[in-house]
Amino acid sequence: MIYRVYVPQPRSARPRATDIRSERQIQRMASSQKISVHEITRTSRLQISKSTVHRRIIESVYMIHAKMARRLPLSNLHISKRLQWARNHMSHGDKWMAVLFRDEINGTPMDLTGI
């Protein structure tokens with residue numbers, strides 16, 4: 001009996017903008033320092049886009065990618081000050097209904113009726 005073996009043919013797609021050496025350079029920069037994709041694109045001497053750099057980092061088998069934090073975490077002093085403020089203002093009762101809280105993202109008033 002004769003079996004046909006399927007061998008996938010290489011596709012005639014656009015060639016990659018990076019070679020193996022530049023991909024390793026991108027992955028090395030991303031793993032050794034806490035820098036963003038934009039900074040990697042700017043510091044590398046390659047003419048590639050941010051999305052290409054991001055794709056090369058994701059394609060890496062050895063790296064776990066995560067978004068960088070946009071701000072520093074709160075210090076213990078800030079946490080204790082926030083808790084103290086909340087404790088001081090817990091007894092306001094119905095006065096809170098006169099306070100208008102706004103959503104910081106798009107500036108719309110928040111609905112606090114279910115709280």
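This is a predicted model: local features need pLDDT of at least 70, side-chain atom pairs count only at pLDDT 80 or more; totals for chains, interfaces and linings use all residues.
I'll start with the whole chain. Its secondary structure comes to four helices and zero strands, so the pattern along the sequence reads α-α-α-α. Of the 115 residues, 15% count as buried. The chain exposes about 11,400 Å², and carbon and sulfur atoms supply 56% of that area. Among contacts with a separation of 6 or more, 39% are between residues 24 or more positions apart.

Now helix α3, residues 50-59. Which of its residues are buried? They are Thr 52, Val 53, Arg 56 and Ile 57. These four cover an arc of only 135° around the axis, which puts them on the same side of α3. What do the buried residues of α3 pack against? They pack against α1, residues 20-32, and α2, residues 37-43.

One of those four is an arginine, so let me stay with Arg 56. Its relative accessibility is 5%, and because buried means under 20%, Arg 56 counts as buried. Leaving out residues up to four places away in sequence, Arg 56 touches Arg 16, Ala 17, Thr 18, Glu 23, Ile 26 and Gln 27. With Thr 18 there is a polar contact between the side chains, at 2.8 Å.

Next, the charged partners. The whole structure has four salt bridges. In one of them, the side chains of Glu 23 and Arg 56 meet at 3.5 Å, N to O. Glu 23 lies in helix α1 and Arg 56 in helix α3, so this pair ties together parts that are 33 residues apart in sequence. Glu 23 is also buried, at 15% relative accessibility.

Glu 23 has a further salt bridge, to Arg 16, at 3.1 Å. Arg 16 is partly exposed, with a relative accessible area of 47%. Arg 56 likewise meets Glu 59 in a salt bridge, at 3.6 Å. Both of these residues lie in α3, three residues apart, about one turn of the helix. Glu 59 is partly exposed, at 42%. Put together, Arg 16, Glu 23, Arg 56 and Glu 59 are linked in a network of salt bridges.

Last, the surface. Leu 74, Ile 79 and Leu 83 make a nonpolar patch of about 240 Å². Leu 83 lies in helix α4, residues 76-88, and counts as partly exposed at 42% relative accessibility.

Technical notes
Residues are numbered from 1 along each chain as its sequence is written. Side-chain values use heavy atoms; hydrogens and water are left out. Patches are made of residues with over 30% relative accessible area and no salt bridge: like charges are joined within 9 Å, nonpolar side chains (Val, Leu, Ile, Met, Phe, Trp, Tyr) within 5 Å. Accessible areas come from the Shrake-Rupley method with a 1.4 Å probe; for residues, only the protein chains shown count as cover. Helices (H or I, at least four residues) and strands (E, at least two) are DSSP runs, numbered from the N terminus. Buried means under 20% relative accessible area, exposed over 50%, partly exposed in between (1.4 Å probe, protein chains only). Contact means heavy atoms within 4.5 Å. The arc is that of the directions from the helix axis to the C-beta atoms. A polar contact is a pair of N or O atoms within 3.5 Å; within protein, one must be able to donate a hydrogen and the other to accept it, and residues adjacent in sequence count only if both atoms are side-chain atoms.
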